[in-house]
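Student: I'd like to go through this one by asking what backs up each label we put on it. Can we take it step by step?

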Amino acid sequence: LHQTVPFWFISRPVSVSQSSKRCAVIGGSGFLGRHLVEKLQDRGYSVSVFDIRQSYELPGVTFHQGDLCDEQALLSALKDVSLVFHCASPAPASNDRALFERVNIQGTKTVIEACIQAGVQKLVLTSSASVVFEGTDIKNGREDLPYAKKPIDYYTQTKIQQEKLVLEACDKQKGFLTVAIRPHGIFGPRDPQLVPIMVDAARRGKMKFIIGDGTNLVDFTFVENVVHGHILAAECLRPDSPICGKPYHITNDEPIRFWDFMSEMLVGLGYAAPRFHLPYGLVYSLALLLWLLTWILRPLLSFKPTFTPMRVALAGTHHYYSCERAKQDLGYRPVVSLKEGIARTVQSYPHLRHGA
Ligand SMILES: NC(=O)C1=CN([C@@H]2O[C@H](COP(=O)(O)OP(=O)(O)OC[C@H]3O[C@@H](n4cnc5c(N)ncnc54)[C@H](OP(=O)(O)O)[C@@H]3O)[C@@H](O)[C@H]2O)C=CC1
Ligand SMILES: CC(C)=CCC[C@@H](C)[C@H]1CC[C@H]2C3=C(CC[C@]12C)[C@@]1(C)CCC(=O)C[C@@H]1CC3
């Protein structure tokens with residue numbers, strides 16, 4: 001991680017002691033969590049994972065299987081840990097209100113209480129840039145944009161509450177420091193959402209259409225850059241740093257047309273790029289109608305449409321964010337370019353290639 005470090009970081013060089021290199025990753029079995037665990041290990045951290053499931057084994061990594069709403073289970077996993085990364089969340093696609101409220105709100109309160117009780121000094125939350133997204137254009141959005149008043153789904157609604165809880169818990173007097181990382185559109189090897197959903201849609205012939213004029217710019221962020229942002233934040237988080245209790249956008253700093261990104265991925269995997277344009281308003285209205293119908297008919301039908309209003313909004317509007325604050329305060333610069341990230345991602349999915 002060769003970076004230009006901010007001046008206040010250089011002015012107080014503190015060697016990262018062995019005890020402060022003991023960390024836990026809540027949600028460490030997931031897509032981002034596992035990449036984070038691997039990089040932390042490379043950087044000499046001793047890592048524990050706390051997750052509701054164990055999806056892999058890694059020599060040197062201790063796994064604690066449990067629900068983050070269970071304080072006792074968390075406490076035993078956080079023993080002797082000084083740094084915690086919280087990147088667990090139910091998948092956005094579930095849209096299960098009760099589950100999001102239980103895990104993202106109640107569970108995060110439990111994480112904060114357990115951290116304080118266990119003597120953890122630093123908590124780094126994986127939030128989301130979508131906490132300010134309401135389904136309409138955001139161009140170069142900065143962190144001072146207000147939280148969405150009408151969040152596009154329960155996932156976003158509870159991510160807002162979660163971020164507020166974590167940032168408000170920052171208390172220099174008590175020696176408990178917090179920071180939130182807001183990534184956007186994470187992609188990379190082993191991602192269970194973006195590429196698999198896209199390929200599934202392509203295989204069902206649903207990737208022929210471009211929603212809108214196809215010029216809307218979006219941030220897609222390679223997973224290693226997101227990991228890099230988390231580790232920088234953890235290492236910069238000290239009582240005298242300006243980052244305490246603040247959110248930081250972490251992006252690839254290369255906004256791309258949503259449909260160019262989709263096309264590059266699809267073509268890379270051997271599928272045709274979308275070609276035919278459909279008006280945004282029409283597709284959004286149809287998605288809304290379909291969503292209403294599935295909601296009304298839910299006692300009779302268990303049908304999950306590919307086109308949801310939320311997905312149409314994500315596919316047809318501008319939503320890209322400035323990561324200037326992270327550059328300034330964390331010395332953040334993306335470590336993998338979009339081109340390289342796309343190439344590595346395409347290569348990592350041989351089983352999703354056309355004809356495989
Ligand atoms: N992927 C993206 O594009 C973006 C993600 N984020 C945020 O990044 C974080 C990581 O996302 P990602 O890696 O994609 O998600 P994943 O679903 O891959 O990882 C989340 C992990 O948390 C686990 N988990 C869920 N509920 C609990 C619980 N109650 N107790 C313990 N563990 C639990 C999940 O288990 P299980 O799979 O069994 O539910 C999973 O292993 C999330 O907070 C997400 O909101 C933010 C912006 C963009
Ligand atoms: C930048 C960002 C926040 C990305 C999030 C990723 C997902 C929301 C996308 C991954 C695959 C996308 C997709 C569609 C919408 C957005 C995604 C779910 C469509 C449903 C849009 C309409 C179509 O023509 C089919 C698309 C399938 C893939």
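Tutor: Let's start with D253, in the loop between β12 (247-250) and β13 (256-257). Keep in mind that this is a predicted model.

Student: Why is D253 called buried?

Tutor: The cut-off for buried is 20 or more other C-beta atoms within 10 Å. D253 has 21 C-beta neighbours inside 10 Å, so it counts as buried. Its backbone deserves a look too: phi of D253 is near 60 degrees, a positive value in a residue other than glycine.

Student: What about D80, where phi is near 65 degrees? Is D80 buried or exposed?

Tutor: D80 also has that positive value without being a glycine, and it sits in the loop between α3 (71-77) and β4 (83-86). Exposed means 12 or fewer neighbours. D80 has 12 other C-beta atoms within 10 Å, so it is exposed.

Student: And what makes D67 partly exposed?

Tutor: Partly exposed is what falls between the two cut-offs, 12 or fewer and 20 or more. With 15 C-beta neighbours inside 10 Å, D67 therefore lands there. D67 belongs to the loop between β3 (62-65) and α3. Setting aside residues within four places in sequence, D67 is in contact with I52 and A73. As for W295, that residue is 228 residues from D67 in sequence and 29 Å away in space, C-alpha to C-alpha.

Student: How do you know that H319 is buried?

Tutor: By the cut-off of 20 or more. H319 has 24 other C-beta atoms within 10 Å, so it is buried. H319 is in strand β15 (residues 319-321).

Student: Which residues does H319 touch, not counting those up to four places away in sequence?

Tutor: F133, I138 and V218. There is also a distance to F220: H319 and F220 are 99 residues apart in sequence and 9.9 Å apart in space, C-alpha to C-alpha.

Student: On to α6. What makes you say that its buried residues are on the same side?

Tutor: The buried ones in α6 are V195, M198, V199 and A202. They cover an arc of only 95 degrees around the axis, which means they share the same side of α6. These buried residues pack against α8 (258-268) and α12 (338-347). After α6 comes G205, with a positive phi near 75 degrees.

Student: Which elements supply at least two residues each to the shell around ligand 2?

Tutor: α6 (194-203), β9 (209-211) and α10 (309-316). The largest share, four residues, comes from α6. The shell has 17 residues in total, of which G185, L194, A201, R311 and A315 come nearest to ligand 2.

Student: How does the shell around ligand 2 divide by class?

Tutor: Twelve nonpolar residues, three polar and two charged. In that count Gly goes with the polar class.

Student: What does the shell around ligand 1 look like?

Tutor: It holds 28 residues, and G27, G30, L32, A88 and S89 come nearest. The elements giving two or more residues to it are α2 (31-42) and α4 (97-118), and α2 gives the most, with three. By class, this shell around ligand 1 has 13 nonpolar, eleven polar and four charged residues.

Student: Where does the "transmembrane region" label come from?

Tutor: From UniProt, in an unreviewed entry, which places the feature at residues 282-301. Such annotations may be inferred rather than shown by experiment. In the model, the span 282-301 is 75% helix and 0% strand, and its end C-alpha atoms lie 25 Å apart.

Student: Last one: why is the whole chain called as compact as a globular protein of that length?

Tutor: The chain has twelve helices and 15 strands. Its radius of gyration is 20 Å, close to the 21 Å that the globule rule gives for 356 residues, so it is as compact as a globular protein of that length. The C-alpha atoms fill a box of roughly 55 × 45 × 40 Å along the principal axes.

Student: How many of the 356 residues count as buried?

Tutor: 44% of them. And among contacts with a separation of 6 or more, residues 24 or more positions apart account for 78%.

Key: Residues numbered from 1 in each chain as written. Chains lettered and ligands numbered in written order. Predicted model: local features only at pLDDT ≥ 70, side-chain atom pairs only at ≥ 80, totals over all residues. Near = placed C-beta within 6 Å. Arc of directions from axis to C-beta. Contact = placed C-beta atoms within 7 Å. Rg over C-alpha atoms; globule rule 2.2 N^0.38 Å.
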